[in-house]
Structure formats: C-alpha cells, structure tokens
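I opened this notebook to record what I looked up in one structure. The entries concern a pocket first, and then a loop residue and a helix.

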Amino acid sequence: MDSRDVRVGMVGYAFMGAAHSQAWRTVNRVFDLPVRARMVAVCGRDPAGVSAAALRLGWEESGTDWRALVARDDIDLVDICTPGDSHAEIAIAALAAGKHVLCEKPLANTVDEARTMVAAAETARRSGVRAMCGYNYRRVPAVALMRELVAAGRVGEIRHVRAVYLQDWIVDPQFPLVWRLRKEVAGSGALGDIGAHIVDLTQYVTGQRITGVSGLTETFVKSRPLPNGSHGLSAAATGAVTGQVTVDDAAVFVARLSGGAVATYEATRFATGRKNGLRVEINGSTGSLAFDLERLNELEFYDATRPGAEQGFSRILVTEPDHPYLDAWWPPGHLIGYEHSFTHEMRDLLEAIASGSDPQPSFEDGLGVQLVLDAVERSAAAGGTWTPVPSVPAPLPA
Ligand SMILES: NC(=O)c1ccc[n+]([C@@H]2O[C@H](COP(=O)([O-])OP(=O)(O)OC[C@H]3O[C@@H](n4cnc5c(N)ncnc54)[C@H](O)[C@@H]3O)[C@@H](O)[C@H]2O)c1
C-alpha cells in the first residue's frame, strides 16, 4: 500500500452505490490530489448481487457483513450508501473503529440518531478522523457559484428564498410499497428524501439557517401493493397484497431564515411530469439568482445595480475554468452532469482528509437539516403551528 492511498469500503451498491463508485473511480483521474482513493471493498446483503456489483462498479472485493468491513485494518474510509435506518449504526461503528465516514443524506431518520452521530463524529475528530454527510448538490458548480455570489454581496440583503423539489415517480397508485414509502426504513417521505436537499442547499447558499417553520404534509395514496424484493426508485409490484404507506407523499412549508428572509419550500413525489425538478430562487435587495437542477450548467442572475436599460436576467453558462470545480474538466461550453457532483464530493472529502481539516457538510450540518425536517413534521402534526427550529452548537475545532 502507498501511504497516499485512502482505502475505501462502501456499504450499499444500488443507486447511490453506483453514483459513488463512479465518483471514486473518476476523482483521481480528473483532479490532482495529494491522496488517492482505492476502491477496496463493497458490502451488501445478497452475496451474488454484491459480487456482481463489485465487478461492474470496480471494487477489488465484496462481502455481506458491514461489521466485518468496518473492522478491517485495510479500510480507511467507510462510505454509507444504504437507506436511513442503518446510517447511525454503521457510521458510529466506523468512526469508533477510526475510519473516516461519508454518509449519504439524510444523515439519519431521527434527530436523536443524528445527535448520537454528531457526538461520535466529535469524539473521532479529536483523533483526526473525518465525517461528512453527502448533500451532493452543494457541489454542482452553478450552486457553488450561487453561494459565492451571495457571499460577495451581489444580491444584497436576502428577502425571499423559494425552493421546490418536484418528482412524480409514485403518481401511479399501483407503484409498489418500496422502502422509501416505509417510515421505519426511510424516516419520512418526500420531506426527508428530497425536501432535505433543498433545506441543505438553501442554508448553504444563503449562509443562513432556518429558524422556524409552519408546515403541512399529505399522503395521497395510503396503501400500495407490496414490492417484489427490495428496491429503490423502481420495483415490480406483486399483485393483490397491499401495505400501508407510512410516510408523506408531499410536504409544503414556510420558513424564516436567520438573516431575516422569508422562505417557501415544497417537496413532492406527485408533481406529474416533473422528474427531478429542484429549483431555487433567491431575491435580494440588489439582485436575484435562480437555479434549476434540470439545467444544471446554468445560473440565472439579475443584477439590479446595472443601468435600467441593461437590466434583465442573464444566463451564466457555468463552464468556465474560473467557475467552481471546472478547471479540471472540459473546455468552456462543454457541459457536465449529475454524476459530477459526486466526483466533486469525493474531491472535497479527499482534500479535507489530506489537509487534516473538516469536510463540509459536516455531521453537524446533517443534524441541522434533521432538526428542520423534525420541526416541519411536528408543525404539520399540530395543524401547521409555527414551530421554532433549535440551532446546532458549533463544532469544536479539529
Ligand atoms: N445524494 C443524493 O442525491 C441521493 C440520491 C438518492 C438516494 N440518496 C440516499 O442514499 C441512500 C441510499 O439510497 P439509494 O437510492 O441508493 O437506495 P437503493 O435502494 O438504490 O440502494 C440501497 C442499498 O443499500 C443496501 N442495503 C440496505 N440495507 C442494508 C444493510 N442493512 N446492510 C447492507 N446493505 C444494505 C441495499 O441492498 C442496496 O444495495 C439513502 O439514504 C438515500 O436517501 C441520496
């Protein structure tokens, strides 16, 4: 082994497992980094499935016991790509074993789990062990640019934040009861799955936190056919046997941000025709910014300080070498896509490990999102009552 190697073990090998594998394979071929990811082992539950996945995705070995993976001496980093019900247990065990951890979002299924994960990350940090939560949309270059422009004061004081995350993959009532529709596995529905992304993204871009919410949630289809096996976003139904949907299909909430802005959020899996419609608009005292994930190479910018005759939204094609992350990719105008956000995530994590600094989003950031989700659920259960969101204490220095 080369001392510059970061030996990765990944748990879960389906949707996010494939996206993360793609990123681990690519990151050192694109970015010049002081350390190098080595894809040592992938872990799943089905021996044949995980062994085939290892071959297809580029892992040296496969196994079916994540505890054995976490205990291995030849693993430096554990990458958690499983549903939320196993995040806390795997992350805490990995951190206790001295492994760096990358954990998919949402950090956990409950605030209590997220708090125990933060405590484990704080303890591990004292020995130089790093923990990161996988809110990958922060790493879309246009989103990172949006944050830079806000931080540089280019839109002035933020008055409005408007965020939606719209999907439609369960509009059909015959779509089966996959794990994302079961509270004990997923924690919540559209709220924690996609609402979590817009909560993190808006807090990241504005540099402000959500201080209070009033929300409502709805489950439109209350029972569904049981699925044939365990699947993520798609599965074949088995027929007449049905089960209860125990999560929200849609969540809508208004919020206040710590800097004085008012905000609206909508997360739904019932926006017929919308496939992965994450859109965020920010209106400030001197300008506005708008981002749409389905046009992820672009950022709309309205600069109200320009002469009246020149005003209007401009479309920035975020592919220039001086845009975030893009100096390592293609010539200007040659577009990038969804998967690149994960490559950027791995780049930032490897750089943090090499430099001995804390990667972002931290587990504290993940807990911050969890507290918002929890407040929305409590508000919705109380008929939309205004519900303050507690703040997360700043982490101790590494
Ligand atoms: N960052 C993003 O944009 C994004 C997108 C999709 C999903 N996610 C998150 O990634 C996580 C996984 O979602 P997914 O879409 O990849 O799900 P998936 O159903 O496609 O894959 C889950 C994988 O975990 C494995 N698994 C489940 N329980 C396990 C256990 N106890 N031990 C070992 N393996 C286990 C499954 O066999 C499967 O390989 C979730 O937390 C989800 O919210 C993030």
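I sorted the lining of the second largest pocket by class and found ten nonpolar, seven polar and six charged residues. Here Ala, Val, Leu, Ile, Met, Phe, Trp, Tyr, Cys and Pro count as nonpolar, Asp, Glu, Lys and Arg as charged, and the others, Gly among them, as polar.

The model is predicted: local features need pLDDT of at least 70, side-chain atom pairs count only at pLDDT 80 or more, and totals for chains, interfaces and linings use all residues. Residues are numbered from 1 along each chain as its sequence is written, and side-chain values use heavy atoms, with hydrogens and water left out.

I noted 23 lining residues for this pocket, of which Arg138, Gln203, Arg209, Glu364 and Asp365 lie nearest its centre. Two or more lining residues come from each of helix H8 (190-206) and helix H10 (363-381). H10 gives the most, with five residues.

I next looked up Asn136, which sits in the loop between strand E6 (131-134) and helix H6 (141-151). Asn136 is buried, at a relative accessible area of 2%; buried means under 20% (1.4 Å probe, protein chains only). Leaving aside residues up to four places away in sequence, Asn136 touches His197, Tyr338, Ser341, Phe342 and Glu345, where contact means heavy atoms within 4.5 Å.

Eight of the eleven residues of H6 are buried, among them Pro141, Leu145 and Leu149. Just after H6, I recorded a positive phi of about 80° at Gly153.

How values were computed:
On a 1 Å grid over the protein atoms alone, a cavity is a set of points where a 1.4 Å probe fits but cannot get out, and a pocket is an open set with protein on both sides within 12 Å along at least five of seven lines; lining residues have an atom within 4 Å of a point. Helices (H or I, at least four residues) and strands (E, at least two) are DSSP runs, numbered from the N terminus. Buried means under 20% relative accessible area, exposed over 50%, partly exposed in between (1.4 Å probe, protein chains only).
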